Amino acid sequence: MKNLDSENFEKIIKRYQSNPFMYVEYPHKRYWNKNLKNEIDLKNYFIESLKKHNDKKYLLYVHIPHCHTQCLYCTCHVEITKDYSRVKRFLNYLYKELDLLDEIFKETGLKPNFTDVHLGGGSPTYPKKEDFDILIEKLSKFVDLSKLNEFSIEIDPRRVKEEKIEYYHSKGINRISLGVQEFDTEVQKLINRVQPDKLIDRILTPKIRELFKHGINFDIICGLPGQNLNNFEKTVKKIIDFNPDRICLNYMHLSTKFHPHQLRMPKDKIPGEKLRKELFTLATEMLEKNNYARAGYDHFVSKDDKLYDELKSNKLKWNRLGIVTGNYENIIGTGVSSVGKIEGDFYYQNTFENDEYEKMLSKNLLPISNFHVMSKDDQIREEIIQSLRTYFLLDVKAIEKKFSINFFDQFKNTIEKLRIYEKENMLKIQEDQIEVINSGTQFANLMASEFDTYIPR
Ligand SMILES: C[S@@+](CC[C@H](N)C(=O)[O-])C[C@H]1O[C@@H](n2cnc3c(N)ncnc32)[C@H](O)[C@@H]1O
Ligand code: SF4
């Protein structure tokens with residue numbers, strides 16, 4: 001990487017470490033305003049926002065939090081259990097939530113156009129087929145599953161075999177996202193997730209590859225304990241050999257306060273910021289030499305994937321599920337902790353607590369515990385931040401036109417702050433565009449954060 005030793009660069013790394021925001025939403029959830037009085041107002045606002053955006057395309061996200069064991073790095077909202085009755089109990093409330101949505105749509109005459117469905121978690125592969133069948137039946141009440149653009153599911157390779165994946169395909173699922181994380185056995189031991197390569201082999205059979213043509217995603221994590229440039233090079237080689245269509249290369253997010261199990265990873269083996277960046281750079285270089293293109297901050301797409309065309313025509317969007325096609329703008333989240341977004345109007349998140357989730361649904365209330373009503377200023381900044389983070393490029397003229405503003409007048413102070421990155425040759429500020437360049441792409445979210453007015457400075 002360029003300029004790694006300069007004084008400024010060291011400062012930038014320090015600031016980066018103290019600002020972990022990934023900007024899957026803007027403003028960050030920590031600053032959501034909860035600007036409505038009570039559950040009734042909230043439900044009405046939800047309905048009004050849907051009405052306003054009835055012509056838009058929607059993604060339905062379903063969160064199933066259960067997992068059999070705890071991976072030590074994991075920061076997802078999970079419930080670790082081997083007791084299937086816990087899963088079943090949760091599913092019964094999830095069905096209730098889907099029924100409630102169906103009721104709202106029918107009562108109001110709303111017919112949101114769901115183009116995509118994503119089943120995530122936790123492990124959405126945990127439910128048995130008979131329970132999964134009910135989930136599909138509930139979804140079918142208001143989603144035409146036969147017409148979806150993408151119907152995807154996260155797969156834990158340790159828990160499913162080829163036959164279950166065929167079953168998912170028979171239900172209309174056309175994209176599988178495999179939690180690979182890392183191929184090195186020593187690293188796997190340190191993260192409590194031993195997962196021999198043959199598990200991936202047994203899933204990605206010729207038949208599955210045929211059924212999910214252009215529909216295979218790998219989740220990989222960079223910054224895990226025990227990773228170094230040698231073993232990570234081998235891991236990336238294996239990834240390339242398996243040839244998935246998309247790769248999500250996450251930096252390990254460390255948040256021991258909320259996820260104390262992370263403290264069980266040996267601290268001295270966790271790569272520091274410099275090594276993390278080097279690991280990421282190594283992977284980027286190897287993938288780019290092997291028919292992959294970087295699509296936003298931490299995603300890579302095969303040049304044979306349709307996302308690559310969308311990347312070239314700037315249609316990609318970023319959300320907490322990662323890079324997505326430009327086909328939908330809005331998200332309705334279901335299940336504990338899931339996040340929803342109605343563009344320009346509203347962010348919301350369901351409660352994390354099972355008890356509260358059950359209580360609210362028993363009263364026929366949406367199980368939302370946190371939300372943000374967007375102002376116009378939020379909308380402008382959200383668009384700028386997303387653009388810098390996803391495309392490494394901000395089209396100044398487009399922003400000015402869309403929001404009727406004079407960009408350089410409005411953001412005079414922020415532009416001054418961005419000059420430090422320009423000096424480091426990480427950013428190019430021009431009259432009609434701002435471009436993240438060179439090693440700046442590794443710090444795009446930090447540069448984007450200069451537009452964040454919620455962070456106390
Ligand atoms: C719900 S899991 C995927 C499905 C399944 N539970 C599994 O692990 O195979 C979602 C993904 O989030 C990523 N993830 C979880 N915790 C993370 C962390 N602390 N930092 C970065 N990525 C993380 C992992 O790559 C994981 O595959
Ligand atoms: S990485 Fe997946 S399997 Fe592991 S704890 Fe997190 S959600 Fe569960």
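Which residue in β13 does Tyr61 stand opposite? Tyr61 stands opposite Gly333. The structure is a predicted model, in which local features need pLDDT of at least 70 and side-chain atom pairs count only at pLDDT 80 or more, while totals for chains, interfaces and linings use all residues. Residues are numbered from 1 along each chain as its sequence is written, and chains are lettered from A and ligands numbered from 1 in the order in which they are written.

Strands here are DSSP runs of E with at least two residues, numbered from the N terminus. Two strands pair if DSSP finds at least two bridges between them. Strand β1 (residues 57-64) runs parallel to β4, with 8 bridges joining them; one bridge partner of this kind is Gly120, which pairs with His63. Strand β13 (residues 330-334) is also parallel to β1 and is joined to it by 5 bridges. Because 7 of the 8 residues of β1 are buried, the strand is largely enclosed by the rest of the structure. Buried means that 20 or more other C-beta atoms, placed from the backbone, lie within 10 Å of a residue's own.

A nonpolar core is a set of buried Ala, Val, Leu, Ile, Met, Phe, Trp, Tyr and Cys residues joined through C-beta atoms within 7 Å. The largest one has 65 residues, of which Leu60, Val117, Ile220, Cys222, Ile247, Leu249 and Ala283 touch the most other members. A second, separate core of 19 residues includes Tyr26, Leu394, Leu427 and Phe451.

The ligands come next. A residue counts as near a molecule if its C-beta atom, placed from the backbone, lies within 6 Å of it. Ligand 1 is surrounded by 18 residues, the closest being Glu154, Asp156, Gly179, Asp219 and Asn250. Strands β4 (113-121), β6 (175-181) and β7 (216-222) each give two or more residues to this shell. The shell around ligand 2 includes Cys67, Cys71, Cys74 and Cys76, and also Asp156 and Gly179.

The protein chain is divided into domain 1 (23-373) and domain 2 (376-451), with bounds that come from an automatic or database domain assignment. Their C-alpha centres lie 28 Å apart. Across the boundary, 11 residues of domain 1 are in contact with 13 residues of domain 2, contact meaning C-beta atoms, placed from the backbone, within 7 Å.

Definitions and conventions. Buried ≥ 20, exposed ≤ 12 C-beta atoms within 10 Å, placed from the backbone. Helix = DSSP H or I, 4+ residues; strand = E, 2+ residues; numbered from the N terminus. Contact = placed C-beta atoms within 7 Å.
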